[in-house]
Amino acid sequence: GKLVVCDIYDPMHLELLEQSKDNTDSTDDERADDLKAITRVINEQLKRGDFFLCASDRQRYFWLGHLAGLGRLTPTVYDADPTSRSLLSVVPFGLSSKPPERTGPGIRGRIDGIDGHDRIVLWAGGVYSWFDPLTLVRAMTELRQNRPGAKLVFLGMRHPNPEVPDMDIGTRTRAL
């Protein structure tokens with residue numbers, strides 16, 4: 001008698017492919033087995049859920065295809081709601097339209113090397129192989145030639161799940 005709402009912002013099967021592509025400890029067969037296992041978990045979630053949330057319209061199209069492949073996007077669902085937003089809706093990820101309001105000192109003066117006059121570029125997510133932090137680090141080097149007070153701060157370098165191993169891109173970013 002309860003509704004199950006599932007947040008499917010993370011296409012874990014695609015994430016797994018990217019995370020494991022450079023892992024020399026796993027064979028292609030092991031990667032394929034891991035992919036099948038995580039896809040089974042996702043499929044189970046998509047079969048059990050009553051309503052789904054994702055982070056963007058692009059993700060929404062991806063997940064609609066997955067739901068359709070599992071038989072969840074039926075003629076009855078479509079006829080009742082051709083947008084299918086009653087099954088899958090977007091909860092945007094990112095910044096609010098309301099300007100930020102300072103409520104504390106922030107990082108200026110709290111992190112060595114950053115003072116009250118520096119301009120800060122925040123990398124607010126993790127450093128994963130499907131992002132390109134190396135280009136940003138190189139760009140900051142160029143930017144600092146004209147703006148020496150520009151500083152780059154990574155809020156996180158590791159995946160929040162401790163079972164996910166560090167990715168090579170984190171090591172390469174630190175080295176650069």
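I take contact to mean heavy atoms within 4.5 Å. With that cut-off I looked up what the buried side of α1 packs against: α2 and α3. The model I am reading is a predicted one.

**Entry 1: helix α1**

I listed the buried residues of α1. They are His13, Glu15, Leu16, Glu18 and Ser20. I noted the general rule here too: an α-helix has 3.6 residues a turn, so residues three or four places apart point the same way. The helix itself runs over residues 12-20. Its partners in packing, α2 and α3, span 28-48 and 57-69.

**Entry 2: the largest pocket**

Next I turned to pockets. How much space lies in the largest pocket? I get about 640 Å³. I count 23 residues in its lining. Closest to the centre are Tyr9, Asp10, Glu15, Tyr128 and Trp130.

I then sorted the lining by class: 13 nonpolar, 6 polar and 4 charged residues.

**Entry 3: the second largest pocket**

I moved on to the second largest pocket. Its space comes to about 500 Å³. The lining has 19 residues. I note Gln19, Ser20, Asn23, Pro165 and Met167 as the closest to its centre.

By class I have 5 nonpolar, 6 polar and 8 charged residues.

**Entry 4: α5 against α6**

Last, I looked up how α5 meets α6. Helix α5 covers residues 133-146, and helix α6 covers residues 168-175. I read an angle of about 10° between them, with the axes 9 Å apart. Angles under 35 degrees count as roughly parallel, so α5 is roughly parallel to α6.

Which residues make the contact? On α5 they are Pro133, Leu134 and Val137. On α6 they are Ile169, Arg172 and Thr173. By class, I note 4 nonpolar, 1 polar and 1 charged residues in this contact.

**Entry 5: looking back**

I come back to α1 to close. Its buried residues pack against α2 and α3.

Methods: Residues numbered from 1 in each chain as written. Predicted model: local features only at pLDDT ≥ 70, side-chain atom pairs only at ≥ 80, totals over all residues. Heavy atoms only, no water. Axes fitted to C-alpha atoms, helices over the stretch in contact; angles between N-to-C directions. Helix = DSSP H or I, 4+ residues; strand = E, 2+ residues; numbered from the N terminus. Parallel < 35°, antiparallel > 145°, perpendicular 65-115°, else oblique. Nonpolar A, V, L, I, M, F, W, Y, C, P; charged D, E, K, R; others polar. 1 Å grid on protein atoms, 1.4 Å probe; cavity = no way out; pocket = protein on both sides within 12 Å on 5 of 7 lines; lining within 4 Å. Points joined across faces, edges and corners; volume = space filled by probe spheres on them. Buried < 20%, exposed > 50% of the residue type's maximum accessible area, 1.4 Å probe, protein only.
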